[in-house]
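Thanks for coming, everyone. Have the sequence and the model open, and follow along with me.

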Amino acid sequence: MPLRVVGYDPGTRNSKAAVLEKDGSGWILQSAAFGPAQDPKAFWEASKLPRGTLCVAAGAQAFTLREIRHPLKDPEKIAQTVRYEAEPYLSASLDQSLLQYRILGESDGGARVLLLALPKERMRALLEGWKAAGLDPRAVSADATSLWNAFSAFGPKGESPVTLLDLGAQKTVLAVFQAGELRLLRVLRVGLGAPPEGTDPVEALTASADILAQEARRSWANVGVEEKLSQVLLTGGGALHPAFPHLLEERFRCPVGRFRFLDQIRHSLPEDRAEAFEALGAAAVGAALSAADRDATGIDFRIEEFRY
């Protein structure tokens, strides 16, 4: 396993990076950086972070992320046929797409399968951009799957279902876990960025809370966990909003709190920076764990001609 691992989440509003080192059976956050999103070269020159084995968590907007119902449930048969089941949902032709998948469970005689796909042209452009900044990632994931990896490592492991909401400026990642395993993963096109000019901020915030509550209930019904849900945990810039967690708690009728992964990682960040990084940096930490071969997702797009 690499001695020093680095996770980089370029972001659309904020860029984030985490440098982890092994500490016995745990981890030390050796360095962390975050700030307004900028091109990779400028971010890395400004952050002055030490280099190490790198995984990048690319923005979910670059990917197709979709759950499908596969007619088969045998894992070997799914592996043989999933590309053809995925083809109708791809933004590029099958031979020009990188495809990853994960079986989430059985459903109506078949299987619930999470698909992630990235056009090869887009992957090529991403790698070229990172290369210009001196970056050659060992692995490439989506920010949504890096959040999944961070939660698998540091989230609750009890039998009661838990929902993770990553509240970004333009999108929200919604993930449901039970007993430490992913049950559902969605990217919602609702965020907590600045409201349009002339819009009342309180009304905009309330509308976002209503939409998220509606989408969350749809998701919970899909996997049958609403009545068993124990808590909702928040990350992302929206988690720092003083009023939004309370608005969600009113609508969800269950405890809403923060995903406090830094409680399980040694660090020396000042309290204010730790508070901000804990909200913004979960995907970067999940990516760093992937670089250390501690990956619960099995999702890596450095495959085929892009293999590291």
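Leu165 stands opposite Leu174 in β10. Six bridges join strand β9, residues 162-167, to strand β10, residues 172-178, and the two run antiparallel. Two strands count as paired if DSSP finds at least two bridges between them. Helices (H or I, at least four residues) and strands (E, at least two) are DSSP runs, numbered from the N terminus.

A word on the source. This is a predicted model, where local features need pLDDT of at least 70 and side-chain atom pairs count only at pLDDT 80 or more, while totals for chains, interfaces and linings use all residues. Residues are numbered from 1 along each chain as its sequence is written, and side-chain values use heavy atoms, with hydrogens and water left out.

Back to the strands. What is the order of the five strands in the open sheet? It is β11-β10-β9-β12-β13, with mixed pairing. The edge strands are β11 (181-188) and β13 (256-258), and each pairs on one side only. From one strand to the next, the twist averages 25°.

Helix α6, residues 244-252, lies across β9, β12 (231-235) and β13. It runs at about 145° to β13. Axes are lines fitted to C-alpha atoms, for helices over the stretch in contact, and angles run from 0 to 180 degrees between N-to-C directions.

Helix α5, residues 201-223, packs on α6 at an angle of about 45°, with the axes 10 Å apart. α5 and α6 are therefore oblique to each other. The cut-offs: under 35 degrees is roughly parallel, over 145 roughly antiparallel, 65 to 115 roughly perpendicular, and the rest oblique. Among the residues making the contact are Leu205, Ala209 and Trp220 of α5, and Phe244 and Leu248 of α6. Contact means heavy atoms within 4.5 Å.

Next, the other sheet on my list. Three strands form an open sheet in the order β5-β7-β6, and the pairing is antiparallel. β5 and β6 stand at the edges with a single partner strand each, so one side of each has no neighbour in the sheet. The twist here averages 20° from one strand to the next.

Why is β7 described as largely enclosed by the rest of the structure? Because ten of the ten residues of β7, residues 110-119, are buried. Buried means under 20% relative accessible area, exposed over 50%, and partly exposed in between (1.4 Å probe, protein chains only).

Seven bridges join β5, residues 64-70, to β7. In that pairing, Ile68 has Val113 as its bridge partner, and Arg66 stands opposite Leu115. On the other pairing, β6 (residues 97-107) and β7 share ten bridges. Two residues lie between the strands of this hairpin, and Asp108 takes a positive phi near 50°.

Last, the core. The largest nonpolar core has 71 residues, and those with the most contacts inside it include Tyr8, Trp130 and Ile265. Such a core is a set of buried Ala, Val, Leu, Ile, Met, Phe, Trp, Tyr and Cys residues joined through side-chain atoms within 4.5 Å. Its largest share, eight residues, comes from helix α8 (residues 282-291). Ile265 touches Leu20, Trp27, Ile28, Leu29, Phe154 and Val285, leaving out residues up to four places away in sequence. Apart from this core lies another, of 27 residues, including Leu167 and Trp220.

Helix α4, residues 143-154, packs on α8 at about 80°, with axes 7 Å apart. That makes α4 roughly perpendicular to α8.
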